[in-house]
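Colleague: I would like to go through this model feature by feature. Please give the general idea each time, then the case at hand.

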Amino acid sequence: MKQPEDRSRRRFLKASSMLGMAVAFSPGTIGEAFTDSKSKTTKKENTMTQTTGTHRGSEQTGDKTAIRPFHVKVPETELTELRRRVKATKWPEREQVTDDSQGVQLDTIQKLARYWGTEYDWRKVEARLNALPNFITNIDGLDIHFIHVRSKHENALPMIVTHGWPGSIIEQLKIIEPLTNPAAHGGSAADAFHLVIPSLPGYGFSGKPTAPGWNPVSIAKAWATLMQRLGYTKYVAQGGDWGNAISEVMALQQPPGLLGIHTNMAATVPPDVSKALAVGGPPPAGLAPDEKHAWDQLDDFYKNGLGYALEMNNRPQTLYGIADSPVGLAAWMIDHDIRSYRMIARAIDGKPEGLTPDDILDNVTLYWLTNTAISSARLYWDTRHNLPAGGFFDVRGIKIPVAVSAFAEEIYQAPKSWAEKAYPKLIHYNRLPKGTHFAAWEQPQAFSEELRASFRSLR
């Protein structure tokens, strides 16, 4: 009889998918894993240039720890080739259903492709990037790209902000001005931040590791090195998605100077809830309404939304198709989770709600031009294979101050009751009525206000 075996296999795959998203790692092992993450790096493609110079907190330019100014300049031939490939896409037939249950709908991706191949202008976002102070520095053998914007207010609080997948530094561009110059955006000069916004290893303009070892543990250590190299002796960290995992690992590592963290995708799921989700069981008894809502969101995500993570956890190198097809890459990236996908689909259909088709294509085009479809996916493989198992949203035992912004349409909206148990030093919690997985990108005003409120007590 095969039915029991099939049920067992489905439960195993579901549990494996949760562990495959694992990042975090029991507090007892966190300090021991990857304390010396020396990975090789490749030379970057010819899509940007570096200029020599010095920077606050850097050594001489010839030194390995030098901080070199960075400029983006994509050859026109690459943009012409991108448009050619978009227009030459070989399309399948439309989906068999009238909704999005089979994935990115043909009409949606064709509308995006038509705009991409004819009207979209990469030079606009390139100019926005080059208007900001961009830098490269080498940490543990890998070139790390970052944006560094200092506020005009000298008493501003330094903060390192980390993106996730399928994100990039593009996600944070809209929050730079409101956070570094808050008085011009409805805030107070007392709430100003100095911002450091790095590109993850294998993402954007950072180097691509050529050997395993770059994962949330080693990246967290590198971020502490970066802040130290910039001369910041006291600072805070912020992140969602992988950015949350890295910020939470920094909180566990407690590098000198880290005062607290903020997350917009908190890891608060209690052990009994995590176990029930892993085996496909019913929810634990006695969940409050907001806890049951979080359960429902997570249950749907684990049942219907983990396909991308399973492939990148297990076989990232197999994803040659998204390195070869711009439209394939775009579809793969916008299908991250159902609520953000639907928001993006509405924007493509002419009903923007925070993101526009240009926003979406800025991010996808960055991945395309830097050829980081596969190098970014390896972060999932490295985390799954080289760190202790644990659910992405499992409680990690953080002891330092934590602030939580729970956006309504995140993968799950973390309940306050769970956040209070997960973070004994919870300094801020707020449930927001709007906002998906890409909160800083989609809701920059609300996001900036959250960060100002979150860290006032630590200034």
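Modeller: Start with aromatic rings: those of Phe, Tyr and Trp (its six-membered ring) pair if their centres lie within 6.5 Å, and planes under 30 degrees apart count as stacked, over 60 as edge-to-face and the rest as tilted. Here Trp165, Trp242, Tyr308, Tyr380, Phe392, Phe393, Tyr412 and Trp418 form one aromatic cluster. This is a predicted model, in which local features need pLDDT of at least 70 and side-chain atom pairs count only at pLDDT 80 or more, while totals for chains, interfaces and linings use all residues. Residues are numbered from 1 along each chain as its sequence is written, and side-chain values use heavy atoms, with hydrogens and water left out.

Colleague: How many aromatic pairs does the rule give?

Modeller: The count comes to 15 aromatic pairs. Tyr203 and Tyr367 are edge-to-face, because their ring centres are 6.2 Å apart and their planes stand at 75 degrees. Helices (H or I, at least four residues) and strands (E, at least two) are DSSP runs, numbered from the N terminus.

Colleague: Are Phe301 and Tyr302 buried or exposed?

Modeller: Buried means under 20% relative accessible area, exposed over 50%, and partly exposed in between (1.4 Å probe, protein chains only). Phe301 and Tyr302 are both buried, as are Tyr203 and Tyr367. Leu369, found in helix 15, counts as buried because its relative accessibility is 5%. In helix 14, eight of the 11 residues are buried, among them Arg339, Tyr341 and Met343.

Colleague: What space lies in the largest pocket?

Modeller: On a 1 Å grid over the protein atoms alone, a pocket is an open set of points where a 1.4 Å probe fits, with protein on both sides within 12 Å along at least five of seven lines; lining residues have an atom within 4 Å of a point. Grid points are joined across faces, edges and corners, and a volume is the space filled by probe spheres set on the points. The largest pocket holds about 440 Å³. Of its 22 lining residues, Asp100, Asn304, Gly305, Asp335 and Ile338 are the closest to its centre. Helix 10 (289-304), helix 11 (307-314), helix 13 (326-334) and helix 14 (338-348) each supply at least two lining residues.
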